[in-house]
Amino acid sequence: MSSDSPAAVRTPGFAYAFAAYVAWGGFPLYWKQLGHVPPVALVAHRVVWSFVFVAGLLTLRRRWPETLAVLRNGRVLAALLLSTTLISFNWGLYIWAVNSGRIVEGSLGYYINPLANVVLARLFLGERLRWLQLGAVGLAALGVLNLAVGLGQVPWVSLALAGSFSLYGLVRKLAPVESLTGLVVETGLAAPVALGVLLLGGWEQPVLGSTPRDTLLLLFSGVATALPLLWFSQAARRLRYSTLGIIQYTSPTLQLALAVLVYGESFTSRHAVTFACLWTGVVLYAFDGLWAARMPAPTPAGQGT
């Protein structure tokens, strides 16, 4: 269901969307609790326990046959192997950024992400950019350039996070796989590697954490990873894409607030200019989406009004 009407459908859609984006926005609070665990080990735990969780859901819903059909389709399997690589890289880089005091850069990446989606849609899907979308992308580029000049280097963390997640979304859009099935295949493909990393990595602390608290946090990382993705898929079925596009900025806004207000990361005047460019681009992007959603569909040739 693609429309966010009537209210009976729209209300749970909003609830699912806000639950997903608030969870993603609050992730720094979670990963900071495990800041003493190497990022590679954290990603490995995230993959293994996500697979355990979604495999359990798949079993309860008796949907393994469609998963096995995906595994027999070489083209789809190759696409999911690529998406697995992209999302694993994204997870690892984000965890490293959070625990390295670079949450502001992480939030910047997720502000850039939807604008990067517009560019990828033009390059790979042949979608034409409307003038407001071009303006939004131009402002984002200006903001990133401003920050790069101020830092004396390219903000590679932000760009790598935005690029990897945008490419992940493009691959998943092109692969004809339902969200839960795709997630179980992705985590299943990565799980053997992740398990090998955990068992053979030679970590100084026990694999499952040095304290009961660490153990619980590591085990729960799978649920914390998978649930927002499943909530998002439920929201996407109930809301317009333009509506989701507006709500999604809840996540990087929360990340930015945590970075500055809770963890005391630096937010300079140059950061302010960059984020002003991005927020203006976001407004243009959101307005364009709402405008496009309200435009009447074109009348097929040969039909009257």
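**Reading the helices of a predicted model**

Q: Which residues of helix H7 are buried?

A: Leu132, Gln133, Ala136, Val137, Ala140, Gly143, Val144, Asn146, Leu147 and Ala148 are the buried residues of H7. Buried means under 20% relative accessible area, exposed over 50%, and partly exposed in between, with a 1.4 Å probe and protein chains only. Helices are DSSP runs of H or I with at least four residues, strands are runs of E with at least two, and both are numbered from the N terminus. The model is predicted: local features need pLDDT of at least 70 and side-chain atom pairs pLDDT 80 or more, while totals for chains, interfaces and linings use all residues. Residues are numbered from 1 along each chain as its sequence is written, and side-chain values use heavy atoms, without hydrogens and water.

Q: How many helices and strands does the chain have?

A: The chain has 13 helices and 0 strands. Of its 305 residues, 46% count as buried. A contact means heavy atoms within 4.5 Å. Among contacts between residues at least 6 apart in sequence, 85% join residues at least 24 apart.

Q: What span should H7 have?

A: The expected span of a helix is 1.5 Å times one less than its number of residues. H7 covers residues 131–151, and its 21 residues should therefore span 30 Å; the end C-alpha atoms are 30 Å apart, which agrees. After H7 comes glycine 152, with a positive phi near 75 degrees. For H8 (residues 156–174), the 19 residues reach 26 Å from first C-alpha to last, close to the expected 27 Å.

Q: Which helices do the buried residues of H8 pack against?

A: They pack against H5 (74–99), H6 (103–124) and H9 (179–200). Among the buried residues of H8 are Val157, Leu161, Ser166, Tyr168 and Arg172.

Q: At what angle do H6 and H8 pack?

A: Axes are lines fitted to C-alpha atoms, for helices over the stretch in contact, and angles between N-to-C directions run from 0 to 180 degrees. Angles under 35 degrees count as roughly parallel, over 145 as roughly antiparallel, 65 to 115 as roughly perpendicular, and the rest as oblique. H6 and H8 pack at about 45 degrees with axes 7 Å apart, and the two are therefore oblique to each other. The contact includes Leu108, Asn113 and Phe124 of H6, and Leu161, Phe165 and Leu170 of H8. Its residues divide by class into 13 nonpolar, 6 polar and 1 charged. Ala, Val, Leu, Ile, Met, Phe, Trp, Tyr, Cys and Pro count as nonpolar, Asp, Glu, Lys and Arg as charged, and the others, Gly among them, as polar.

Q: Is serine 166 buried or exposed?

A: Serine 166, in helix H8, is buried, with a relative accessible area of 2%. Apart from neighbours within four places in sequence, serine 166 is in contact with Asn113, Ala116, Asn117 and Leu120.

Q: Where do H4 and H9 meet?

A: Trp64, Glu66, Thr67, Val70 and Leu71 of H4 meet Thr181, Val184 and Val185 of H9. This contact of H4 with H9 has 5 nonpolar, 2 polar and 1 charged residues. The axes of H4 (residues 64–71) and H9 come within 10 Å and cross at roughly 60 degrees. H4 and H9 are therefore oblique to each other.

Q: Where is serine 266 placed?

A: Serine 266 is in the loop between H12 (250–262) and H13 (269–294). Serine 266 and arginine 102 are 164 residues apart in sequence and 9.3 Å apart in space, C-alpha to C-alpha. Leaving aside neighbours within four places in sequence, serine 266 is in contact with Val104 and His271.
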